[in-house]
Amino acid sequence: MNEEKRELILAFESSCDETSVAVIENGNKILSNVIATQINSQRRFGGVVPEVASRHHIEQVTICLADALQRAQVDYQDLDAVAVTYGPGLVGALLVGVTAAKAVAFAHNLPLIPVNHMAGHIYAARFRGKIEFPALALLVSGGHTELVYLKKPNSYQIIGETRDDAAGEAYDKIGRVLGIDYPAGKKIDELAHQGKDTFDFPRAMLKDDNFDFSFSGLKSAFINTVHHAEQVNQQLNQADLAASFQQSVIDVLVAKTMHALQQYPVKQLILAGGVAANTGLRDALSAVMKKKHPDVSLLKAPLSLCGDNAAMIGAAGHVAFRAGKRADLSLNADPSLEFDWITQ
């Protein structure tokens with residue numbers, strides 16, 4: 001039996017506040033995945049400041065590149081292609097990764113693969129197991145909350161998305177109200193497991209016959225509850241607040257996903273994105289899938305790859321590379337990039 005040809009992709013990710021470079025073999029094996037995070041720098045601002053993020057990327061990208069090649073024990077002549085996130089994200093941050101990737105591709109005569117950041121999140125699951133098509137992906141991150149139907153590899157159709165705040169944004173905003181440092185998601189998840197859903201916050205759009213989400217009303221209800229308590233000098237249990245907020249988010253995400261599975265028969269449900277690391281969401285989705293859709297496999301992105309990283313870009317880049325997707329040196333950052341729906 002002929003062995004699969006070894007394909008090595010060098011991948012860049014710089015869409016927000018992580019500078020990352022990875023070397024990926026055959027789309028599902030990580031040879032290196034270097035991540036330089038900016039959390040400590042951005043925490044003092046309570047969120048990501050684009051100009052600060054861009055400067056950090058400039059400082060770190062060549063360091064991460066050299067480190068990634070060294071850890072993978074490969075050189076430029078071993079590579080088959082260069083993949084890079086070109087959107088969506090912060091335009092200045094994206095430009096750093098795009099420029100670096102174009103420089104490497106040009107200098108070493110390598111194909112350049114443009115990758116949608118959200119596709120990267122989906123294909124992070126490829127490091128946990130094989131993706132079976134057709135599939136449905138629940139993408140839950142800081143800037144996006146989407147349900148994406150995948151008819152085949154490199155094909156994406158958004159069937160539902162948030163109309164206002166993404167789930168991750170809501171976590172960070174209520175985290176500030178609770179006095180929790182950015183990023184707040186992990187700490188709120190931990191706090192939620194110590195409390196109970198006693199506040200009965202709203203579950204928006206549950207009865208609507210669509211797959212869209214809304215978390216702005218939940219955020220407002222939470223903030224109003226806390227502010228009113230402060231005005232009347234009432235002490236609220238922070239663990240119960242966190243648990244009530246998180247349960248509302250989980251109920252909406254799970255209900256909308258189940259609704260989508262009824263109308264889009266698939267072989268697999270993929271959970272990915274930064275908020276996919278939330279243990280409450282992972283546990284709830286696992287339980288309801290076993291009960292309501294035991295014939296649909298649940299593939300969750302590895303916890304270590306739920307956040308932004310270049311390994312996931314390499315995995316998505318592999319799929320795009322195999323599909324013949326290429327970019328030339330005119331490739332530019334596209335901060336508002338959306339999925340191209342391929343129907344063929």
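A disulfide is a pair of cysteine sulfur atoms within 2.5 Å. With that in mind, a search of the whole structure turns up zero disulfides. What you are looking at is a predicted model, in which local features need pLDDT of at least 70, side-chain atom pairs count only at pLDDT 80 or more, and totals for chains, interfaces and linings use all residues. Residues are numbered from 1 along each chain as its sequence is written, and side-chain values use heavy atoms, leaving out hydrogens and water.

Cys64 is buried, with a relative accessible area of 3%, and Cys306 is buried at 1%. Here buried means under 20% relative accessible area, exposed over 50%, and partly exposed in between, using a 1.4 Å probe and protein chains only.

Next, let's meet the sheet. Strands (E, at least two residues) and helices (H or I, at least four) are DSSP runs numbered from the N terminus, and two strands pair if DSSP finds at least two bridges between them. Five strands form an open sheet in the order E3-E2-E1-E4-E5, with mixed pairing. Which strands lie at the edges? They are E3 (29-37) and E5 (112-116), each pairing on one side only. Strand E4 (residues 81-87) runs parallel to E5 and is joined to E5 by five bridges; in one of them, Val82 partners Leu112.

Two helices pack on this sheet. Helix H3 (residues 91-107) touches E1 (8-13), E4 and E5, and its direction makes about 160° with that of E4. Helix H10 (residues 310-322) touches E1, E2 (18-25), E3, E4 and E5, at about 125° to the direction of E1. Contact means heavy atoms within 4.5 Å, while axes are lines fitted to C-alpha atoms, for helices over the stretch in contact, with angles from 0 to 180 degrees between N-to-C directions.

Finally, look at a pair of helices. The axes of H8 (residues 238-263) and H9 (residues 279-292) come within 10 Å and cross at roughly 35°. Among the residues that meet are Ile250, Leu253 and Val254 in H8, and Leu281, Ala284 and Leu285 in H9.
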